[in-house]
Amino acid sequence: MATLFYFIYSIIKHIPAYFNTVRIYCCGSGNLHHKVTAALEETKKRGPVGSSVSDEVRLDRIDHWPVMEKKGRCKYPGCKGIIRMKCSKCDTHLCITSERNCFLEFHMMT
């Protein structure tokens, strides 16, 4: 059983290296290769982006008010909510729902 685990692990470990070096060409041109490369680069840029607010401003507990804004993804670590609420001072989207209060936790975590 352990040898099967190590076999699968060795295959999985080398998959990203294979896809980073593979070249895809269509009809002798590099257009498809460039499209695939651009798509891969775009997916690398996606993902949760943390808040750029300094700890000094975030934790000062002065004038942090929830305001309605256009849709955005919650910036609290581990939360994937899409909401219309953001902090007026930090300019950061944060959830305030019946299930979670990322707004309060964001301004109190150290």
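Predicted model: local features only at pLDDT ≥ 70, side-chain atom pairs only at ≥ 80, totals over all residues.
A residue is counted as partly exposed when its relative accessible area lies between the limits for buried, under 20%, and exposed, over 50%. Asp55, at 47% relative accessibility, is therefore placed in the partly exposed class.

The protein chain contains four helices and two strands. Read from the N terminus, these elements follow the order α-α-α-β-β-α. Of the 110 residues, 20% count as buried. The accessible surface of the chain amounts to about 8,800 Å², and carbon and sulfur atoms contribute 61% of that surface. Among contacts with a separation of 6 or more, 32% are made by residues 24 or more positions apart.

A nonpolar patch is found on the surface, formed by Leu4, Phe7, Ile8, Ile11 and Ile12. Together these residues have about 470 Å² of accessible area. Leu4 belongs to helix H1, which spans residues 2-21. With a relative accessible area of 44%, Leu4 is partly exposed.

Salt bridges were examined next. Side chains of opposite charge can pair when their charged atoms come close. Under the criterion of a side-chain nitrogen of Lys or Arg within 4 Å of a carboxyl oxygen of Asp or Glu, three salt bridges are counted.

One of these joins Arg58 to Asp55, with 2.8 Å between the closest N and O atoms. Both residues lie in helix H3 (residues 55-58), and because they are three residues apart, about one helical turn separates them.

The remaining salt bridge is formed by Asp91 and Lys86, for which the closest N and O atoms are separated by 2.6 Å. Asp91 counts as exposed, at 53% relative accessibility. Lys86, in contrast, is buried, with a relative accessible area of 10%.

Arg58 also takes part in an arrangement with an aromatic ring. The residue lies over the face of Phe106, at 5.3 Å from the ring centre. Aromatic pairs, on the other hand, are absent, since a search of the whole structure for ring centres within 6.5 Å of each other finds zero.

Contacts around Cys90 and His107 were then considered. Cys90 is placed in the loop between E2 and H4 and is buried, at 8% relative accessibility. When residues up to four places away in sequence are not counted, Cys90 touches Val53, Arg58, His64, Phe106 and His107. The C-alpha atoms of Cys90 and Trp65 are separated by 9.2 Å, although these residues are 25 residues apart along the chain.

His107 lies in helix H4. This histidine is also buried, with a relative accessible area of 7%. With residues up to four places away in sequence again left out, His107 touches Arg58, Leu59, His64, Cys87, Cys90 and Leu94.

The side chain belongs to a residue classed as exposed, Arg61 having a relative accessible area of 61%. Asp63, situated in the loop between H3 and E1, likewise has a positive phi of about 60° although it is not a glycine.

Conventions. Residues numbered from 1 in each chain as written. Heavy atoms only, no water. Patch = residues over 30% accessible without salt bridge, like charges linked within 9 Å, V, L, I, M, F, W, Y side chains within 5 Å. Areas by Shrake-Rupley, 256 points an atom, 1.4 Å probe, with all protein chains shown as cover. Buried < 20%, exposed > 50% of the residue type's maximum accessible area, 1.4 Å probe, protein only. Contact = heavy atoms within 4.5 Å. Phe/Tyr/Trp six-rings, centres within 6.5 Å; stacked < 30°, edge-to-face > 60°. Lys NZ or Arg CZ within 6 Å of the ring centre and 35° of its normal.
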